[in-house]
Each structure stands twice: as C-alpha cells, then as structure tokens.
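Dear colleague,

Please find below the structure that I am handing over to you, with its sequence. My notes on what was found in it follow.

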Amino acid sequence: MKKAVIGLVIFSGLLFGASYTKEDRIRDMNGMANAMNVIQSGFFYNNYETVAAGVDDLTTVVAKMRPPTEELNEKDIMAKFMNQKVQMSNKIVKKINKKALTILQRFKSGDTTQAVQAYTKIMGQCVKCHNEMRNW
Ligand code: HEC
C-alpha cells in the first residue's frame, strides 16, 4: 500500500514535470514582453550589447513555448478550436526567430531603421495572436 502511494506520488510528479501549464505560458509571455523591452531600450540607448541580450532572451523563451497540456487535453470541440487559434505554432516561433536574427544583423551593421522594422514585425506577431483572444 505504502509503495503504491509513493509510486503514485512519483508518477504524478513526473507528469507534472513534463506538462506545460497555462501558468508556464503566462510566465513565458511575460518573459517575451520583458525581452522586447530590453531590445527596445537597446535601440534607444544605441547599445548593441543590450539589443543582443534582448534577442538572446527572446529566442530562448520562445523556444520553450508550447500549447498548455490542459488545452491539448480539452474535450469540448468549440473550446479546442478557440484554443488552437492562440497556440504558439512552430511557424510563429520560426518567424519570431528569423526576425530576431534580422534585428541583430541590421543593428550591428548600423541599419537601425531595418532593425526597428524587424522588431515591429515581431510585435505584429504578438498583437495578431492577442487580437484573436479578444474576439472570444
Ligand atoms: C500564438 C499566440 C500568441 C503569440 C504569438 C503571442 N502571445 Fe502573448 N499571449 C497569448 C495567450 C494565449 C495569452 C493569455 C495567457 C493566459 O492568460 O492564460 C497571452 C498573454 C500575454 C501576456 C499577458 C501575460 C499575463 O501576465 O497575463 C503578455 C505580456 C504577452 N502575452 C506578451 C507577448 C509577447 C511580447 C509576444 C510576442 C513576442 C506574444 N505575447 C506573442 C498568446 C500569444
């Protein structure tokens, strides 16, 4: 009996460790917002190290993002459909990473205008998805 309970605790611990929760997503969303702020202040202070640190943060956090396990397990068809609209897809991750790289390259070569444009494109990805939620 005791063994079974311990086994259950360990098992649920493993499950918990493997799952990505809505709270994890909120934490990562805030991480991305913070990274965007860092990039922005790098633009304002014209500081490459700051821009690079922000880009590094952004690409690190975005790589961790995935649809919350609880949403993947959603049974209600309508809710599932709505969830899918705001799930971080590989396509979006790729777009964000690509533009983040453009920011670095352009800023380094002194082309701040193009760097800011790439930043705006990333911002567009954030806002596009968030707008979907407001339609709920
Ligand atoms: C594919 C969809 C999607 C994309 C792209 C996306 N988000 Fe989000 N974002 C969400 C969802 C869903 C929530 C709501 C999470 C919740 O409340 O459970 C959210 C919430 C947030 C929040 C609020 C977190 C809080 O504390 O409540 C911030 C800040 C945020 N996102 C920043 C960003 C930034 C910055 C980007 C772009 C770099 C971005 N998001 C891109 C889906 C997205």
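The residues of the shell around the ligand divide into 12 nonpolar, four polar and two charged; here Ala, Val, Leu, Ile, Met, Phe, Trp, Tyr, Cys and Pro count as nonpolar, Asp, Glu, Lys and Arg as charged, and the others, Gly among them, as polar. Please note that this is a predicted model, in which local features need pLDDT of at least 70 and side-chain atom pairs count only at pLDDT 80 or more, while totals for chains, interfaces and linings use all residues. Residues are numbered from 1 along each chain as its sequence is written.

On confidence, pLDDT is the predictor's own score for each residue, from 0 to 100. The protein averages 90, and 86% of the residues score at least 70. Confidence is lowest in helix α1 (residues 2–18), with a mean of 56, and highest in α3, at 98. Helices (H or I, at least four residues) and strands (E, at least two) are DSSP runs, numbered from the N terminus.

The ligand has 18 residues around it, of which Met-29, Ala-33, Val-86, Cys-126 and Cys-129 come nearest. Two or more residues of this shell are given by each of α2 (22–44) and α7 (112–134). The most come from α2, which gives eight. A residue is counted as near a molecule or strand if its C-beta atom, placed from the backbone, lies within 6 Å of it.

Helix α2 also has a buried side. Met-32, Ala-35, Ile-39 and Gly-42 are buried there, a residue being buried if 20 or more other C-beta atoms lie within 10 Å of its own, exposed if 12 or fewer, and partly exposed in between, with C-beta atoms placed from the backbone. The cover over these residues includes α3 (48–64), α6 (90–108) and α7. Just after α2, Asn-46 takes a positive phi of about 50°.

Beyond its neighbours within four places in sequence, Tyr-119 is in contact (C-beta atoms, placed from the backbone, within 7 Å) with Ile-39 and Ile-103.

Finally, Ala-53 lies in helix α3. Ala-53 is partly exposed because 15 other C-beta atoms lie within 10 Å.

Yours sincerely

How values were computed. Contact = placed C-beta atoms within 7 Å.
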